[in-house]
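Hi everyone, thanks for coming. Please bring up the model on your screens, and we'll walk through a few spots together.

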Amino acid sequence: MSEAAPSEAAFPEAARPQAASPGAAPHAHPHPHARWALAAVATGAFCVQLDSFALNLALPVIRDDLGGPATAVPWVISGYLLAAGSLMPLAGRLGDLYGRRRMLILGLALFGLASALCALAPALSFLVAARVLQGAGGALIMPAGLALLTHAYPAGRAGRPTGRALGLAGLATVCGPFLGGALARTGSWRAVFWTAVPLAVAAALCARRAPASRAPAAGRPLDVGGAAAATGAVACLALSLERGTSWGQTAGAALGAAVLGAAVSVRARVRAPLVHPGLLRNRLYLALTAAGAVANSATVALLYVVPLTLQQAQGRSPLAAGVAFAAPAAVLAAGGPLAGRVRATSAVPVMALCLGAAAASLWFAGSAGSTPALIAASTGAAAALGTAGALALTGTQAAVSPELTGEASGVTKSVLTVTAGLGLTLTEAGAGARAGAGAGAGRSPSLLLPAVVCLGAAVCLGAALVPVAVGGLRRPRPPRRRPAPPK
């Protein structure tokens, strides 16, 4: 008798085949227009990630050009992330109810329009408002696009195309800061936004030819109360993590968690809640989402600390630092295609291995004394984190029933977006710990705490698998039958 794999026994959702959506006949082959869905999602994800990270090095140039108070400049980044992170759960549900292709096209149109408004911004306040609108468009693109791509391929075979799309987005994540800095210093920061306009138009044209899909319960009304409560709670959490002091972060996080918990407990009793209760009972989905949040925050820390170290501690120019960081950037982008090849039943063990490898690599990168050692350790960390971050999206799509793919991707992407700022918080906390211990490193950001958090997440995932593996090893053998006595 064959035995279940450890991840199947620890997380039974991985072993249970997902039922096909009523009204949507299961297909054994990719949809004839599936390649258009892949092109639309890959291009749209590239746009979202490019504009999420391309402005970090351009902020001083933007302030010099538009003026305005210094306290308003960070909101060019925070306003976008706040809108995107808080609206993603609602956006995923809208895609399930009213059509994923329709919501993807709407998101791309809104994103392209907002990009043009950002490029034409006459003042800093106008730019911040346009960035919030752009974040709303990005919130529609990612959940609807991932769900659309999942339904364009047969069950269990959407992982590889989704991984390829996420790989392109990962490339934009790494190259975005250097591209934004180069455009801001050699041309104009407005070129960053103009670049997104034709890409959004091209993605929308591809999406028009992609196969349409929606949940079978499309006739049920939208949970407006749950949508308002969830959006407000996530916005409170994101705001506290992005712009709060230590006490403000604690109070804001507690308030957001309380509002979100109350909303979930109350809205779970309505006929069609915004977040399906089945998602909250799906242990595999929750484990991969939480582990993905850890991996994403550690990725943000890596992208912040290593280029900063190359420029400040080693005296390299932004261009030279970008060239030196090419190897980690390449393997980070390759993490998406690698994650797409992981089966759902192996998602948890692979995620645990990736987080463990990332912890060791981050530790070595934080203590590296030379550029080759720093790049080598950063490359190992980027490979592990890129695979883990993409696996959080491909794995959760395979862990839920088809009618909940949009909703599941919206919640997962919201968690990943909101917790991204924790990476920077951990690097600053690690810097304080090093300075307090007399390490002689001053207040330079450190990868120590991100490494510890990754190790803790890996241990937690491993602890869920060890009892099952040990139980399988100790399983008693069936007793031998005694030979019958001779007659």
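Let's start with a word we need: buried means under 20% relative accessible area, exposed means over 50%, and partly exposed is in between, using a 1.4 Å probe and protein chains only. Thr150 has 16% relative accessibility, so Thr150 counts as buried.

A quick note on where this comes from. This is a predicted model, where local features need pLDDT of at least 70, side-chain atom pairs count only at pLDDT 80 or more, and totals for chains, interfaces and linings use all residues. Residues are numbered from 1 along each chain as its sequence is written, and side-chain values use heavy atoms, leaving out hydrogens and water.

Back to Thr150, which sits in helix H6, residues 124-151; helices here are DSSP runs of H or I with at least four residues, numbered from the N terminus. Leaving aside neighbours within four places in sequence, Thr150 is in contact (heavy atoms within 4.5 Å) with Ala158, Gln397 and Thr405.

Now for a pair of helices. How do the axes of H12 and H17 cross? The axes of H12 (residues 283-313) and H17 (residues 405-418) come within 8 Å and cross at roughly 30°; axes are lines fitted to C-alpha atoms over the stretch in contact, with angles from 0 to 180 degrees between N-to-C directions. Among the residues making this contact are Tyr285 and Asn296 of H12, and Ala408 and Thr417 of H17.

Finally, take Thr417 in helix H17. Thr417 is buried, at 14% relative accessible area. Not counting residues up to four places away in sequence, Thr417 touches Leu81, Gly85, Met88 and Asn296.

Conventions:
Helix = DSSP H or I, 4+ residues; strand = E, 2+ residues; numbered from the N terminus.
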